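Subject: Structure for your review

Hello,

Here is the structure for you to look at. My notes on it follow below.

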Amino acid sequence: MSASSFAAKLSTGTVPWVRAHFPGLMFSAVVALAATFLSEHYGAPTMLFALLLGMAFNFLAQEPRFAAGIAFAARQVLRVGVALLGARITFDHVVGLGWGALAGVAAAVGLTIGFGALGAQMLGLRTRFGILSAGATAICGASAAAAISAVLPRYDEQERDTAFTIIGVTTLSTVAMVLYPIIATAFGWSDTETGIFLGGTIHDVAQVVGAGYSVSNEAGDTATIVKLLRVALLVPTVLLIALAARRVAPTTAKRPSLVPGFLVAFVAIVVLNSLGLVPQAATAAMTAASSWCIVIAISALGVKTALGSLLSVGHRAIGLIVVETAFIAAVVIAVLSAIRGA
């Protein structure tokens, strides 16, 4: 390819794309930086700050200069962030928990999602909202909400429901971080049992770490590993939802991918990391990049969400998320009781 033809290709492809997406992408990144700064100085969850700060600039979602980049950040940057979550996980982490705990946590995730779907139908809400909120509750909070939303069949209130779910699970996760160690003490659990409870029930990774290490190092280590197992379950969960989405998609519509590319990348990173083929520095870099991509995506989602639309969700949706949170806690308590009695 000659220099002139290469320059022509850039001018007709790459350069216009960058010009169209750069303002929105950079604005989303600035909101993410501000959210991280506020989180570090005031101790509140980064994702919550990112969503709320983004919502303050909702008027930019319809601004032509910003719309394309904000939409790209909310979907494509999110997928990169979810794929890079695989750098946190190895097979050794998962197997080290023991088969009883593995089966119990996996059952808690599956039962909670089924409970959410059924609960939504009983309350007159969309089944998709039940799957979205229960998936976020059962797996890894805001990250799971965003990933599940990316493969759900599209509907009019989807972005509103995703933003509402992120606010709900983040708030409840912060409450659980304070309350659940007290519950563990009341049950008289060992540090390992406390770690399984905290890691198996609290929604967001940061709050799991905070709650676990507030009890002891052993509880913190166990809680983190259990939480990473729930993060690993994001892959089969999103895959099953994507397969279901293909079945319900209209034949005239563009069908979702059979296996989303970001899930393939997630699994590949986990396998390479488990085999020791990823240098420690690269693992640390991917973990940091994952966090930044997800915060940027949540910031963009906030920009696309109007505060007034959240107020229209209603008390039934709030009640569903609260009950889903209580449900997974009850299941994990039952699992711990069964392990103790075995």
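**The largest pocket**

By class, the lining of the largest pocket has 13 nonpolar, ten polar and two charged residues. In that count Ala, Val, Leu, Ile, Met, Phe, Trp, Tyr, Cys and Pro are nonpolar, Asp, Glu, Lys and Arg are charged, and the others, Gly among them, are polar. The model is a predicted one, in which local features need pLDDT of at least 70 and side-chain atom pairs count only at pLDDT 80 or more, while totals for chains, interfaces and linings use all residues. Residues are numbered from 1 along each chain as its sequence is written, and side-chain values use heavy atoms, with hydrogens and water left out.

The volume of this pocket is about 540 Å³. Its lining is made of 25 residues, and Thr 46, Met 47, Val 205, Ala 206 and Gln 207 are the ones nearest the centre. At least two lining residues come from each of α2 (14–42), α3 (46–55), α9, α11 (205–215) and α15. The largest share, five residues, belongs to α15. Helices here are DSSP runs (H or I, at least four residues), as are strands (E, at least two), numbered from the N terminus.

For pockets and cavities, a 1 Å grid is laid over the protein atoms alone: a cavity is a set of points where a 1.4 Å probe fits but cannot get out, a pocket is an open set with protein on both sides within 12 Å along at least five of seven lines, and lining residues have an atom within 4 Å of a point. Grid points are joined across faces, edges and corners, and a volume is the space filled by probe spheres set on the points.

**The cavity**

With a threshold of 30 Å³ or more, the count is one cavity. The largest cavity holds about 160 Å³ of space. It has 14 lining residues, with Ala 74, Arg 75, Ser 149, Glu 159 and Leu 301 nearest its centre. Two or more lining residues are given by each of α4 (64–84), α8 (142–151), α9 (158–187) and α15 (280–303). Sorted by class, the cavity lining has seven nonpolar, three polar and four charged residues.

**Nonpolar cores**

A nonpolar core is a set of buried Ala, Val, Leu, Ile, Met, Phe, Trp, Tyr and Cys residues joined through side-chain atoms within 4.5 Å. Buried means under 20% relative accessible area, exposed over 50%, and partly exposed in between (1.4 Å probe, protein chains only).

The largest core has 96 residues, and Leu 51, Phe 197, Leu 234, Val 238 and Ile 298 touch the most other members. Helix α17 (residues 315–341) is the biggest contributor to this core, with ten residues. Another core, of five residues, lies apart from it and includes Leu 84, Ala 87, Ile 269 and Met 286.

Contact means heavy atoms within 4.5 Å. Not counting residues up to four places away in sequence, Val 238 touches Ala 147, Ile 148, Val 151, Phe 262 and Leu 263.

**Individual residues**

Ala 134 sits in helix α7 and is buried, at a relative accessible area of 0%. Beyond residues up to four places away in sequence, Ala 134 touches Thr 112, Ile 113, Gly 116 and Glu 324. Ala 134 and Phe 327 are 193 residues apart in sequence, with their C-alpha atoms 9.9 Å apart.

Ala 219, in helix α12 (residues 217–232), also counts as buried, because its relative accessibility is 0%. Leaving aside neighbours within four places in sequence, Ala 219 is in contact with Asp 191, Gly 195 and Gly 212.

Phe 57 is in the loop between α3 and α4. Its relative accessibility is 31%, so Phe 57 counts as partly exposed.

Gly 276 lies in the loop between α14 (261–274) and α15. Gly 276 is exposed, with a relative accessible area of 57%. The C-alpha atoms of Gly 276 and Thr 90 are 9.1 Å apart, although 186 residues separate the two in sequence.

**Confidence**

The average pLDDT (the predictor's confidence in each residue, from 0 to 100) is 84, and 90% of the residues score at least 70. Helix α7 (residues 127–138) has the highest mean, 93, and helix α1 (residues 3–12) the lowest, 49. Residues 6–10 have a pLDDT below 50, and this stretch has five contacts in the model beyond near neighbours in sequence. Where pLDDT is low, the predicted coordinates should not be read in detail.

Regards
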